Amino acid sequence: MTDMTTLVDRAALIELVDSIFDTVDAKDWDGAEALFADKVDVDFTSLAGGEPAEITNVQLVDGWRVGLHAKKASFHTVSQYRVVVTGDEALVKVKGYAYNVLDASLGGEMWEVWGRYEIPARRTAEGWKATGLTFVALHTRGDDAVRTHVLEA
């Protein structure tokens with residue numbers, strides 16, 4: 001692989017990771033789905049318990065759609081990208097921060113978390129797609145009920 005190819009892949013993978021969090025915060029659910037492969041390995045056990053799982057990109061984004069509903073604002077930021085490309089596979093590791101706040105009509109409570117993300121990806125005909133998402137929470141602050149708050153149907 002040439003140096004230029006390495007730089008182009010690295011830039012594309014950083015753009016993929018940034019786009020994941022930007023689409024989620026914008027509640028652009030179709031855009032978020034398109035950034036992932038059809039099957040995604042997820043691990044949020046440090047926040048929610050349970051076991052890592054393989055789910056569809058639709059299931060992943062539907063979970064965000066419910067958990068990050070219209071009356072909950074979120075702000076995600078990531079930094080310190082570590083990008084490793086091996087052929088058509090890649091792994092991006094970043095440090096992350098997320099802020100969630102409920103609408104004033106729901107009390108306006110806040111919850112935030114700091115941690116590490118690992119996002120594997122695969123090169124496809126449409127470009128790089130995320131094939132997984134692991135989050136390891138290191139510290140939280142605020143009202144944990146904000147994290148799990150959903151709107152009543």
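# Briefing: salt bridges, surface patches and selected residues

Asp3 is exposed, with a relative accessible area of 64%. Asp3 belongs to helix H1. The model discussed here is predicted. Across the whole structure, a search finds 8 salt bridges.

**Salt bridges around Arg65**

- Glu33 and Arg65 meet through their side chains in a salt bridge, at 3.6 Å from N to O.
- This pair links distant parts of the chain, with Glu33 in helix H2 (residues 29–34) and Arg65 in helix H4 (residues 57–67). The two residues are 32 residues apart.
- Glu33 counts as buried because its relative accessibility is 16%, and the cut-off for buried is under 20%.
- Arg65 is partly exposed, with a relative accessible area of 34%.
- Arg65 also forms a salt bridge with Asp62. Here the closest N and O atoms are 3.2 Å apart.
- Arg65 and Asp62 are 3 residues apart in helix H4, so about one helical turn separates them.
- Asp62 counts as partly exposed, at 34% relative accessibility.

**Salt bridges around Asp88 and Arg123**

- The side chains of Asp88 and Arg123 form a salt bridge, at 2.7 Å from N to O.
- Asp88 lies in the loop between S3 and strand S4 (89–102), and Arg123 lies in strand S5 (residues 110–124), so the pair ties together parts that are 35 residues apart in sequence.
- Asp88 is partly exposed, with a relative accessible area of 45%.
- Arg123 counts as partly exposed too, at 29% relative accessibility.
- A network of salt bridges links Asp9, Asp88 and Arg123.

**Surface patches**

- A nonpolar patch on the surface is formed by Met4, Leu7 and Val8. Together they have about 320 Å² of accessible area.
- Leu7 sits in helix H1 (residues 3–25).
- Leu7 counts as exposed because its relative accessibility is 54%, and exposed means over 50%.
- Arg10, Arg82, Lys95 and Arg116 form a positive surface patch.
- Arg82 is located in strand S3 (residues 72–86).
- Arg82 is exposed, with a relative accessible area of 53%.

- Thr131 is placed in strand S6 (residues 127–142).
- Thr131 counts as buried, at 10% relative accessibility.
- Thr23 is found in helix H1.
- Thr23 is buried, with a relative accessible area of 12%.
- With neighbours within four places in sequence left aside, Thr23 is in contact with Asp28, Gly31, Ala32 and Leu35.

**Distances between C-alpha atoms**

- Thr23 and Thr148 are 125 residues apart along the chain, and their C-alpha atoms are separated by 20 Å.
- Asp3 and Ile14 are 11 residues apart in sequence. From C-alpha to C-alpha, Asp3 and Ile14 are 17 Å apart in space.

**Backbone angles to check**

- Most residues other than glycine have a negative phi.
- Lys27 has a phi near 60 degrees, a positive value in a residue other than glycine.
- Lys27 lies in the loop between H1 and H2.
- Lys27 counts as partly exposed, at 24% relative accessibility.
- Gln80 has a phi near 55 degrees, which is again a positive value in a residue other than glycine.
- Gln80 is placed in strand S3.
- Gln80 counts as partly exposed, at 43% relative accessibility.

Technical notes
Residues numbered from 1 in each chain as written. Predicted model: local features only at pLDDT ≥ 70, side-chain atom pairs only at ≥ 80, totals over all residues. Heavy atoms only, no water. Patch = residues over 30% accessible without salt bridge, like charges linked within 9 Å, V, L, I, M, F, W, Y side chains within 5 Å. Areas by Shrake-Rupley, 256 points an atom, 1.4 Å probe, with all protein chains shown as cover. Salt bridge = Lys/Arg side-chain N within 4 Å of Asp/Glu carboxyl O. Helix = DSSP H or I, 4+ residues; strand = E, 2+ residues; numbered from the N terminus. Buried < 20%, exposed > 50% of the residue type's maximum accessible area, 1.4 Å probe, protein only. Lys, Arg positive; Asp, Glu negative; His and termini not counted. Charge placed at Lys NZ, Arg CZ, Asp CG, Glu CD. Contact = heavy atoms within 4.5 Å.
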